[in-house]
Amino acid sequence: MTPPPLGLYLHIPFCLQRCDFCAFYLEIYREGRAEAFVRSLIHEIGLSAHQHVASGRPIQSVYFGGGTPTVLAATQLIAILSEIRTHFALASDCEITVEAHPSTISEQDLVQLLQAGVTRMSFGAESMEDGDLTRIGRPGAVHETVVAVSQARAAGFTNINLDLMYGLPSQSLESWQRTLAHCLTLEPTHLSCYALTVEEDTKLASNIQRQRSPAPDESLQIEMGEAAQRMLGDAGYERYEVSNYAKQGYACRHNLLYWTNGEYLGLGPSAQSYLDGIRFGNVADLEAYDTSLAASHLPIEDRTRLSEKEQLRDAVIFGLRLIRGIPSHYLHQHAANYGYTAITLQLLAQQLIEEVGGRSRLSTRGRLQADTIAGQLY
Ligand code: SF4
């Protein structure tokens, strides 16, 4: 029997500065710290390959995320990838993605990454209006995104994603539509459009509390989500997940693993894994991470074995976000397991969840309330 697909996630925990809205675990980039981290990560790759059930299974996707992976030199990313190839068996059509901030990558880097086997570049554009970037404390400028995409294409990349956020402080519907229209002229194969959420303990949360920045307007965000669906749909992108759009054949294989309750091994500080029914995560502290690996111990901090009920719950919560949905009996079994039958029937009656051909998914209206519905069924 063919083993189920397995993904590898590498968390690169450095950024040049922290954006106002960001609550991820990260460190401000320092060359010496980054060099020590790369040594630790390379050590972790070898240790993991020998200790996990991941060992020997073909890897379908490798994802360099962060943080900002491209604050590392291309040669460092390539050394990490080479170590992965030494210890894991990559499928011949393995999708290998590198996330990049457009201002941290050159054409030369892109050529090197492509030659090393990277198949997909994902640029954090966020907005195509400089004023929006300034208001969220995001370094860089729109023209850098335009240049980075054109350089990636010139280098030979054919699979390019742009990450966008909407509902930014003072962003209007028209300005969001201009951002979408500008992105479409760059012809990416994939677009991720996330509504801004205000995380605790961020500069943005503090700015809103002090009335230096307006709080996101939920009804405007809903209109913006609808505008994205309309404009991107008209341009030939399929909305295959609540926040993700792709040209045919370009859905992100790695992210699909998360939404289909697939298995993945996460390496790097704070990286999360799901293997063999167990969720586990690495320590979210670079010093503790380095110390653990210096002693040849995997830096795993917590480990939870999910019961069958919990595995089904996660399959339902993530799978409803997919446009292809989940088998309807998953939804009803989950509802019976957790006493959610009444709320499930209500969501169906309100047409927030729809059943089509024996499969259940969020309806168009339901997608606009995806997080609320997930909270009701979790
Ligand atoms: S670049 Fe990304 S990870 Fe880094 S601070 Fe900004 S949002 Fe957070």
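How many of the five residues of strand β11 (residues 263-267) are buried? In this predicted model, the count is five of five, and the strand is accordingly described as mostly covered.

The chain as a whole may be considered next. Its secondary structure comprises 15 helices and 17 strands. The radius of gyration is 21 Å, close to the 21 Å that the globule rule gives for 378 residues, so the chain is as compact as a globular protein of that length. Along its principal axes, the C-alpha trace spans about 55 × 50 × 40 Å. Of the 378 residues, 42% count as buried. Among contacts between residues at least 6 apart in sequence, 71% join residues at least 24 apart.

Two individual residues illustrate how separate parts of the chain are brought into contact. L41 is found in helix α1 (residues 31-51). It counts as buried because it has 26 C-beta neighbours inside 10 Å, where 20 or more are required. Leaving aside residues up to four places away in sequence, L41 touches L10, I80, L267 and G268. L41 and L286 are 245 residues apart along the chain, and their C-alpha atoms are separated by 11 Å.

The other residue is N282, which has its place in strand β13. With 24 C-beta neighbours inside 10 Å, N282 likewise counts as buried. Beyond residues up to four places away in sequence, its contacts are G266, G268, P269, S270, A271, Y289, P299, I300 and E301. The C-alpha atoms of N282 and I160, which are 122 residues apart along the chain, are separated by 29 Å.

Strand β12 (residues 272-275) and strand β13 (residues 278-282) pair in the antiparallel sense over four bridges. Y274 stands opposite R279 in β13. Two residues lie between the strands of this hairpin, and D276 takes a positive phi near 55 degrees there.

At the level of domains, the chain is divided into domain 1 (6-259) and domain 2 (308-377). Their C-alpha centres lie 28 Å apart. The contact between them takes eight residues from domain 1 and nine residues from domain 2. On the side of domain 1 that touches domain 2, α8 (218-234), β9 (238-241) and α9 (253-259) each supply at least two residues. The largest share of that side, three residues, comes from β9. By class, the residues on this side of domain 1 are five nonpolar, one polar and two charged.

A further element of the fold is an open sheet of three strands, ordered β15-β17-β16 with antiparallel pairing. Its edge strands, β15 (326-327) and β16 (353-356), each pair on one side only. β16 and strand β17 (residues 359-362) run antiparallel and are joined by four bridges. Here E354 has R361 in β17 as its bridge partner.

Finally, which residues surround the ligand? The surrounding residues are C15, R18, C19, C22, F24, L26, G66, G67, T68, H101 and G124. By class, this shell consists of five nonpolar, five polar and one charged residues.

Note on methods:
Residues are numbered from 1 along each chain as its sequence is written. This is a predicted model: local features need pLDDT of at least 70, side-chain atom pairs count only at pLDDT 80 or more; totals for chains, interfaces and linings use all residues. A residue is near a molecule or strand if its C-beta atom, placed from the backbone, lies within 6 Å of it. Ala, Val, Leu, Ile, Met, Phe, Trp, Tyr, Cys and Pro count as nonpolar, Asp, Glu, Lys and Arg as charged, and the others, Gly among them, as polar. Two strands pair if DSSP finds at least two bridges between them. Domain bounds come from an automatic or database domain assignment. Two residues are in contact if their C-beta atoms, placed from the backbone, lie within 7 Å. The radius of gyration is taken over C-alpha atoms; the globule rule is 2.2 Å times the number of residues to the power 0.38. A residue is buried if 20 or more other C-beta atoms lie within 10 Å of its own, exposed if 12 or fewer, and partly exposed in between; C-beta atoms are placed from the backbone.
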